[in-house]
Amino acid sequence: MAVPSPDSPVRTARITRVFIYLFLLLFALFYLLPFGIMLINSVKPLSEITGGNMIALPREWTIQPWLSAWSTAQIGVQPTGLRPYFINSMMMAFPAVILSTMVGALNGYVLTKWRFRGDTIIFGLLLFSCFIPFQIVLIPMARILGILQMAGTTQGLIMVHFVYGIGFTTLYFRNYYAAFPTELVRAAQIDGAGFFQIFWRILLPSSGPIIAVSFIWQFTNIWNDFLFGASFASGGAAPMTVALNNLVNSSTGVREYNVHFAGAIMAAGPTLLVYIVAGRYFVRGLMSGSVKG
Amino acid sequence: MTMMRKLHLSVGVLALSSGMATAQEVEVLHWWTSGGEAAAVGTLRDTLAEGGITWQDMPVAGGGGSDAMTVLRARVTAGNPPTAVQMLGFSIQDWAAEGALANLDDLAAEQGWGDVVPEALQAFSTYDGSWVAAPVNVHSTNWVWANTAVMADLGLEQPESWDDFVAAMQAAQDAGLTALAHGGQAWQDATMFDSMVMGVGGPEFYQASMVDLDPDALGSDTMVEVFQRMETLRGFVDDNFSGRDWNLATAMVINGDALFQIMGDWAKGEFVAAGMTAGEEFTCFRVPGTEGTVTFNSDQFAMFNVSDASAQEAQMAMASAVLSPEFQVTFNLVKGSVPARTDIDSSDFDMCGQMGMAQLAEAAEAGGLFGSMAHGHANTPSVQNAMYDVITAHFNGEFDAETAAAEMVTAVELAQ
Amino acid sequence: MADMTGSGADFRTRLQTWLPKLVLAPSLAIMLIFVYGFIAFTIYLSFTDSRMLPSFNWVGWQNYERLFRIREWNIAMRNLAIFATLYIGISTVIGLALAIFLDQKIRAEGALRTIYLYPMALSFIVTGTAWKWFLDPAIGLQNTMQMWGWESFTFTWIKDREMAIYTVVIAAVWQSSGFVMAMFLAGLRGIDNEILRAAQIDGASNWNLYRRIILPQLRPAFLSAFVILSHLAIKSYDLVIALTGGGPGNATALPATFMYSYTFTRNQMGIGASSAVIMLLTIAAIMVPYLYAELREKK
């Protein structure tokens, strides 16, 4: 395969280009719409929302909903806002993402550069784990966390996310390393480099793009997870999504939609930031790994 | 099962004895997570804090408590249940049957709970004759909420019978209003259904069909008539009802776009929040046909087995605080419901609250107090949800009334 | 390959031989317990009379017999068929179209790409309400269009029993088609331009260029997209809960919502487990042939 080009050499007529731009912009609008609705309504007073059109621009702008969602809204009996849970989520997401990425990288390395009998079967077993519906693991997982004394803690939640992240990270790194020239590994071996040395000195330095993919994927999934967070860490260790759900799901109280939307945007902040900052590595990483045969 | 339970308990003992040795603490799982109701529970926390007991908050909202129940199962399986859990009706009985709940008999005897809590409520708070839960409130679900200004504009009096009620709605519809504000969610459909069962068939039929699950009653002509009334109601609901949250339906009444809403007494909070006063800008009355009876649901704190002595002490202190007249008043003023004790002075409550308390006491006296099917107080969750399926399918036009009654029989059979 | 490292079977060499397997072993052990062990547990539960908590009373095939008599389950399976087909098909087409168009030296490509990708970053707990409002005739698109003067515009799918499942498709496509776009874009960028230039010199039209040369080279991207989309389709849960709550009636129930509801809300864990087993079998029926083909090819 030759050096990848930044753009297709296919040439198009002027009229076609107009059509293409229209198409792309139309879809951009479609993608932005739900977020736009949230943003608009998060800066409106509540009376404007319940009394009128929810798509219209605010007549009166206010940042009160944002302040309230962050620091004074009622999440359970304490009026703490989302702030403490934001920190919980950070404490949970980073270790889980880093751990699963590290293990995935090592697995991918072994499965491509140190092959042995039955390695494809093992890979198949790991891969199938990506597809297990998470609802079925709740009860047995709770039991195991109880035995390990990790129920209701951030550590327990990190473990759960780590366990169910391995499949994906292994998949990404394996496909990426499969395209990495094995001759380099052989040469290093002949020079006397050990297992970890080769990984550390030769593979890891060129793994930037796939680390980005693995990081983005894992961070998004873990940050957005609700089911595990609610089941295994409710209470003091609850992550952001659980708190957000508590905020927006008042059973029989008055619903402050503007505060809900402000909170929702806050909860989405870190993942949005990751996509905006690291998004271009994402396509590059996918390009060099996961979608090639 | 018993082996598994023993395992749970032994792990629980370990967790507790290692975890909290000194400070008294209650860990409370609930779904009162936002706005006024959360603040109201906060008063309970403050009361306990005065006694030196820390409140570990564990809020899990969503699905009318069903997410909290999932979390509870994870916690019990993990071997460390919370101290107290907000619970509805049959869930309490199910957990008690698993042997997971604590015994509150000594406290109950000392404070005389048996004399002040209505018997229909005790049926849920006790298991095998022992107290296992502390009731917080009683919501009654057979209320109609109405905008008095709209009623005056249309020249309507408070309807006294089903026919009056239909005529009033017809008048509103003719005037271009939405006659009945309603949100198309299964539990809201079922809330209206409760009142129709009671209104058409009376208490005996309600008991036979909703509580005893008698197939003959479920498939009877009376049931067909109940479904026909649901169709009548459906005719007065606007086309856009599906998926609407109940409070948005209430807002329609508040804004004068709709005449009535059939909903539990939590709807009152919305009117009050909009600056309206009961008996003036809005009014409440029992769904015509159900006068003299009350269908209720009751939030309770089920107390789980904790083995540590200081934790048990804290648990008892909490149970006692929940049933104290002060908390019952403070909490229920905010929540719109009425106290679970019938011996409380009603002067702090507004018109609807006073009416609710008086009618609750009367109904309890006369045997007209029934658990609401829609809110898990008439039958088990599996049956309740099976009924939801049929009611909501019928309300959305999938079945006619006869088929719906027949489906009711099948669905209940499959769920048992 | 350890044979290559030399003659002496000293400790270091032996360690190097075993090290790769040692590194892999924990992951494998974790998978055997937390994935396959749990699957076995679920299969076992599906043959018991478990209700609120797991029980170990064997009841044979009773749960499966009941499952297929429950109307809602059949609706859920039918919905899954409709949903998965449309969702996978439309996401692939839109993703491919966006990728091909973005690949034409577009200005502000980076910004557009981020806009297409961002929905994948948000969970439906966050966007569900916004979608619900947008699709709601009284406050959303229909109302806005009518206010802008298009009086006859109607869009009431979300309130319509027959059409509601298609609104779920729209929201799901919104969420993942950007991701599919990224996969195709990556595939397109990996294609050797020399071949394309040569074909152009030979006078191939753009249409033929794509049909004959480019699309066939995207086969791996198609496969990856298919696998990722189909597993998202089968696992779809919060989407439905946030958007329709399974309604109107039960019209938008999917197997994942059915399973959760029976296991955790209705206290019929046995039936819930049996529905989970059917879901797993469905996933396996799609994934195993794919994995087999993929892994054999690469040897």
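The model is predicted. H3(B) is 13 residues long and spans 19 Å from its first C-alpha to its last. That is close to the 18 Å expected at 1.5 Å a residue. Gly79(B) follows the helix, and its phi is positive, near 95°. H3 of chain B covers residues 66–78 and supplies at least two residues of the side of chain B that touches chain A.

Chain B as a whole has 19 helices and 15 strands. Its C-alpha trace spans about 70 × 45 × 35 Å along the principal axes. A compact globule of 416 residues would have a radius of gyration near 22 Å. Chain B has 22 Å, which agrees. Of the 416 residues in chain B, 60% are buried. Contacts in chain B between residues at least 6 apart in sequence were also sorted by separation. Of these, 79% join residues at least 24 apart.

One sheet of chain B was examined in detail. Four strands form an open sheet in the order E9-E10-E8-E11, with mixed pairing. The edge strands are E9 (178–180) and E11 (282–286) of chain B, each of which pairs on one side only. From one strand to the next, the twist averages 25°.

Strand E10 (residues 258–263) of chain B is joined to strand E8 (residues 143–147) of chain B by 4 bridges. These two strands run antiparallel. Within this part of the sheet, Ala146(B) stands opposite Phe260(B) in E10(B). Trp145(B) has Gln261(B) in E10(B) as its bridge partner. E10(B) also pairs with E9(B), here in the parallel sense and over 2 bridges. Thr178(B) has Ala258(B) in E10(B) as its bridge partner.

Helix H13 (residues 246–254) of chain B lies across E8, E9 and E10 of chain B. H13(B) runs at about 145° to E10(B). H13 of chain B is also among the elements that supply at least two residues each to the side of chain B that touches chain A.

The loop between H14 and E11 of chain B contains Gly279(B). This glycine has 14 C-beta neighbours inside 10 Å and therefore counts as partly exposed. Gly279(B) and Thr148(B) are 131 residues apart in sequence. In space they are 8.2 Å apart, C-alpha to C-alpha.

The contact of chains B and A takes 40 residues from chain B and 32 residues from chain A. Several elements of chain B each supply at least two residues to its side, including helix H1 (2–19), helix H2 (35–50), strand E2 (54–59) and helix H14 (267–273). By class, the residues of this side of chain B divide into 17 nonpolar, 14 polar and 9 charged.

The contact of chains C and A takes 86 residues from chain C and 78 residues from chain A. On the side of chain C that touches chain A, helix H1 (residues 11–45) of chain C gives the most, with 16 residues. This side of chain C has 54 nonpolar, 21 polar and 11 charged residues.

Chain C has 13 helices and 0 strands. From the N terminus on, its elements run α-α-α-α-α-α-α-α-α-α-α-α-α. The C-alpha trace of chain C spans about 85 × 70 × 30 Å along its principal axes. A compact globule of 299 residues would have a radius of gyration near 19 Å, but chain C has 25 Å. Buried residues account for 49% of the 299 residues in chain C. Among contacts in chain C with a separation of 6 or more, 66% are between residues 24 or more positions apart.

Terms used
Residues numbered from 1 in each chain as written. Chains lettered and ligands numbered in written order. Predicted model: local features only at pLDDT ≥ 70, side-chain atom pairs only at ≥ 80, totals over all residues. Pairing = 2+ DSSP bridges. Axes fitted to C-alpha atoms, helices over the stretch in contact; angles between N-to-C directions. Contact = placed C-beta atoms within 7 Å. Nonpolar A, V, L, I, M, F, W, Y, C, P; charged D, E, K, R; others polar. Expected span 1.5 Å × (residues − 1). Rg over C-alpha atoms; globule rule 2.2 N^0.38 Å. Buried ≥ 20, exposed ≤ 12 C-beta atoms within 10 Å, placed from the backbone.
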